[in-house]
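Subject: Structure handover

Hello,

Please find the structure below. My notes on it come after.

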Amino acid sequence: MSKILIVEDETIIRTALRKLLERNQYEVSEAPSVKEATSKFQLKDFDLIVSDLRLPGAPGTDLIKLAGDTPVLIMTSYASLRSAVDSMRMGAVDYIAKPFDHDEMVNAVKRVIGKAKAANKAANNTQTASTTIAGMIGSSDVMQDLYNRIHKVAPTNATVLIHGETGTGKELVARALHEESNRNNHLMISVNCAAIPDTLIESELFGYEKGAFTGAATNREGLVAAADGGTLFLDEIGELPLEAQARLLRVLQEGEVRPLGSVESRKVDVRLVAATHRDLRKLAREGKFREDLYFRINVMQLELPPLRERGRDIISIAESLLQRYCAQFGKPQLKLSSAAMDAIMSYNWPGNVRELENAMQRAVILCEDSTEIGDHLLSIDMDAQDLNDNTGSSIFEPPRLASRGGSTSATEDLSLEDYFQRFVLEHQDTMSETELARKLGVSRKCLWERRQRLGIPRTKAGATAGK
């Protein structure tokens, strides 16, 4: 059982976080300050320290040096680029903004501890190259080939283009490329190009000088400059506006970045890893993506296989998810019935691992008085799959969900993502974003990110609702 130390001065937050982590099978200790944490505990005895940035007496970043090899995850109420980047430059392994979703915190903790254990295991054991990708599950031939390609390209400075369907784990691959490179002692900055409005993307990426535009009261460093010496991961690069593409091309060609409103350029040493689910070559032919940028980033392409092409890997992933959610919801360890395994193997999983996560989470929640997960608890809609195969449209597309609104009982078969889409589409004209987020039990930040990922634009009516 991994041991975690929470350093947080607010008792309510500290207690809630301790209970959350204990439900997920972690051994948790707590302290209200850096002084009490260091006097009461041996920091090296913990697998992870989760600390607030602002604490009485000394900031949480002081724990980074005091903890030695123990990773420190920083929490901050100030979700600014500067505080987050500064913390990571001082040695924090990652950061998370408050208020955070429970799943967001649990996933961050698992990722950090998993990465640390994988690093220790790699240092103590000589393992085969195809089994050392932290966080990725699967031994199928297509995954073995992917692992080997990651190991080959990671130590180089070559630009990498990751292509794969939504939910196939593109950011996991980007993190593996960074961790196995000689840049892993610098930052990896991740940017979802689809989540930032077109009007802000250039200032976010390249920064700006004071007075460059209305509201630019100070100089601001862009994300490209923040990644200097490390890796810049641009997810959904196909959504990048053409003007920003031209600036990015200059970064790649000349190794320099010029903030908006500045007459001087700054040298940067950044490795670019890009990801997309779209056909960039087709977009280039249509004039929607710069052809010169496409050829510049397409040095090495990694193709991520969809879940339906990974054979028995699907069962391994499902069993791993089953263990995770049993621990998370405090249920005894369950197993998949043979009927459930058959259903999982026969379904085509258009949402890939993300859809499988929803199905397993739903099954664990609904399972009562049983040691097995039956196929009925998965709520896999085979009829929707057949229709999807015949029409070529995705079961996750909002128009289809809207057209199913005639039956109230249909919600019983919805996945969590289906439910999210339907709820937002049905209520966004009458609720504000704050009300939507509260009803769904997520933060406004999470709601915004899911809108971008699932392609649900915010309507003008919804923007003014509740005012």
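Predicted model: local features only at pLDDT ≥ 70, side-chain atom pairs only at ≥ 80, totals over all residues.

Residues are numbered from 1 along each chain as its sequence is written, and side-chain values use heavy atoms, with hydrogens and water left out.

Overall

The chain has 22 helices and 14 strands (DSSP runs numbered from the N terminus: H or I of at least four residues for helices, E of at least two for strands). Of its 467 residues, 49% count as buried (under 20% relative accessible area; exposed is over 50% and partly exposed lies in between, with a 1.4 Å probe and protein chains only). Taking contacts (heavy atoms within 4.5 Å) between residues at least 6 apart in sequence, 66% join residues at least 24 apart. The accessible surface of the chain is about 23,000 Å², and carbon and sulfur atoms account for 48% of that (Shrake-Rupley method, 1.4 Å probe; for residues, only the protein chains shown count as cover).

Sheet

Five strands form an open sheet in the order β7-β8-β11-β6-β12, with parallel pairing (two strands pair if DSSP finds at least two bridges between them). β7 and β12 (300-303) are the edge strands; each has a single partner, so one side of each lacks a neighbour in the sheet. On average, neighbouring strands of this sheet are turned by 20° against each other, direction ignored (axes are lines fitted to C-alpha atoms, for helices over the stretch in contact, and angles run from 0 to 180 degrees between N-to-C directions). Four bridges link β6 (residues 160-163) to β11 in the parallel sense, and Leu161 has Ala274 in β11 as its bridge partner.

Residues up to four places away in sequence aside, Leu232 touches Ile189, Val191, Leu223, Val224, Ala227, Val270, Arg271, Leu272 and Val273.

Single residues

Trp349 is found in the loop between α14 (338-346) and α15 (352-366). Trp349 is buried, at 1% relative accessible area, and has a positive phi of about 50° although it is not a glycine.

Gln25 also has a positive phi, about 70°, and is not a glycine. Gln25 sits in the loop between α1 (11-23) and β2 (27-31) and is partly exposed, at 45%.

Gln328 belongs to helix α13 (residues 313-328) and is buried, with a relative accessible area of 11%. Beyond its neighbours within four places in sequence, Gln328 is in contact with Arg23, Asn24 and Asp103.

Val93 is in the loop between α4 (81-89) and β5 (94-97) and is partly exposed, at 24%.

Regards
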